[in-house]
Amino acid sequence: MTRVFATRELLLGLIVAALMVTVGLRAPVFLTPASLLNILTDTSFLFMLTLAQMAVILTRGIDLSVAANLALTGMIVALTSRALPGLPLLGIMTLAVGVGSVLGMINGTLIAFVGIPPIVVTLGTLAVFRGLIFLIAGGAWLTSKDMNETFLAFPRATWLNIPSLIWVALIVSTALWMMFRHSRIGRGLYAVGGNPVAARYCGINIARQQFFVYTLAGAISGLTGYLWVSRYGIAYTDIAQGYELTIIAACVIGGVSIAGGIGSVSGALLGALFLGVIVNALPVIDVSPFWQMLISGAVILAAVIVNARSEKPLGKLILREARLKAAGSEK
Amino acid sequence: MSPTQRYHVLDRPPASLSGFLLRWEVILVGLLLVVIAVNTAISPYFLDIYNLSDATFNFSEKALLALAMALLIIAREIDLSVAAIIAVCSLTMGLLAKAGYGPGALMLAGLAVGAACGAVNGALVTLFSLPSIVVTIGTMSLFRGLAQVVLGDQALTKYPAGFSALGQGYILNSVPVPNSFVIFLVLAALYGFVLHRTTLGRRIFAIGHNPTAARFSGVPVNRIRFGLFVLIGLMAGLAAILLTGRIGSTRPNIAQGWELEVVTMVILGGVSIAGGAGTIAGVVLSVLVLGLTTFGLSLINVPGIVISILTGILLIVAISAPIIIKTIKRG
């Protein structure tokens, strides 16, 4: 089973590498370290949000409200920082993660404890969060003029010549990788998505797992909300509009199964990187950015078809192994 | 045991008053009356036959999509690419209009392209047995991307004289009811008849309850699924004709975000997102509740984005209320 996973990620990695080399052949500037760092910086938001969405999708859920959460938290943080210019960076970040988590907990409560389907809840909160941005800001746009030095400095900082956003994405990804791979709650997510009934019989509290993933998705959306607003120096009602579908697309390309229980951190990160490379490569090779949507649509479809094919024998194999084992133990 | 008992099959639960009052359609009728009462109280312009009938312009096109979406969701599928299909249809009609074709040819082309886009979705879902939510996120990107590639930042605005009559006009000069609303009502009756009174309708419910069991009882599951995707494509073509005629222009972002609004209409109408349950009457009532809420609030100058907060809350409260009531009743 591990071998199938390894090859799928390897294949995706090779495709991304081939894509980058092809673009590099036409425009060598694309493969310079500065340009590569730029791609990673641009994609850092997508890396984190894709992993958060993956946690949700693993449990057979979906969170359509992440981009709206990002925009709302970004606006709240920007307004707070304008009202309290003395707020230190740590305070801003804590606030962002806190607000994002609370918004995520609203989803989590409705899904885990009331029992409404995730797509319905997050469709509703998506509309509510977007509307709230307009209400709390009175429809106004906040630009970098409304933001103070502490607020704006963080995403522009570099440590060891590597932009801070890449460091944040790296830390968050590593933490999540540890969680998915080595923590009890992380393994539980695979169990819940793979077979909820079996998971329940194993003593896994499914409601608590669901509450956890939506809170986690909220926390990461909140953090990304601050980073997004301070990086682009703007906060208004429509930022990151429709981004939730890009995030889901990155998961799908990365081999996360929408049916739950299947997905890996490396796959999801490669899926996000793939979209990031396309966005950054088009202007370099003089293709109009209007092609971006069409290409990512084609890639999503190709990825789901390929993944559906590789998922099929996987299911059969497990059954056959189980049957063989059962037969063996009987003898 | 009485001798007749073996012939008495309980095919539906016995009638009860609380059961009737908790029926989704009854709750929606109550909600509709509340909306009308509140709106009449806050604005003297609400209960005006001319205003009310003009208000239907704003939701009839979405409502047409909601009818077909209801059938799809009842059959456990979903189509998030509807709005993008509208963009492709509108684009085709715009290009043909530029080439000098008449209104009849434009309308035929719009419907044909819509059906073709739906067939693409249907083929991907049935041939590769892929989850429709992922496929239609992909084709949404693909179709919208196609419109962006062709149009760029331009707009097509030249349409022949007779073309706008359908989308802008009224059924009779003496009766101020827009064509689009009449088309919606007629089609709603037709959809209601097919879904609730024909074999095909029962088969759609059977697929939604249990596709495997439906297949084993001789229902051509994949053929019906495919047909439903073509149907929603056709409805998107019809909506594109009405919308393009009404606003008289085609931009790449035409009908952007409609997919989520349409899904909201259907779910608020009591169609179960898990499939297998729902009524056309519920969808029609939910269309009216949402449409009149939006109209009433815009009369008192509430911005659209704030109305979306109410829509979101309405969706969540409406879905969670019966679940909570049931839990309390069960003790």
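Reader: How many salt bridges are counted between chain B and chain A?

Author: The count is zero. A salt bridge here needs a side-chain nitrogen of Lys or Arg within 4 Å of a carboxyl oxygen of Asp or Glu. This is a predicted model, in which local features need pLDDT of at least 70 and side-chain atom pairs count only at pLDDT 80 or more, while totals for chains, interfaces and linings use all residues. Residues are numbered from 1 along each chain as its sequence is written, chains are lettered from A and ligands numbered from 1 in the order in which they are written, and side-chain values use heavy atoms, with hydrogens and water left out.

Reader: What makes up the contact between chain B and chain A?

Author: Chain B gives 40 residues and chain A gives 40 residues, where contact means heavy atoms within 4.5 Å. About 3,300 Å² is buried between the two chains, 88% of it on carbon and sulfur atoms. That buried area is the accessible area (1.4 Å probe) that two parts lose on being put together, summed over both. B:Val134, B:Ile305 and B:Ile316 supply 16% of what chain B buries against chain A, more than any other three residues.

Reader: Why is B:Ser53 called buried?

Author: Buried means under 20% relative accessible area, exposed over 50%, and partly exposed in between (1.4 Å probe, protein chains only). B:Ser53 has a relative accessible area of 9%, so the residue counts as buried. Leaving aside neighbours within four places in sequence, B:Ser53 is in contact with B:Pro176, B:Val177 and B:Pro178.

Reader: Why is the pair of A:Trp141 and A:Tyr236 called stacked?

Author: There are eleven aromatic pairs over all chains. Rings of Phe, Tyr and Trp (its six-membered ring) pair if their centres lie within 6.5 Å; planes under 30 degrees apart count as stacked, over 60 as edge-to-face and the rest as tilted. The centres of A:Trp141 and A:Tyr236 are 3.9 Å apart and the planes stand at 5 degrees, so this pair is stacked.

Reader: What kind of aromatic pair do B:Phe46 and B:Phe295 form?

Author: A tilted one: the rings lie 5.6 Å centre to centre, with 35 degrees between the planes. Both B:Phe46 and B:Phe295 are buried.
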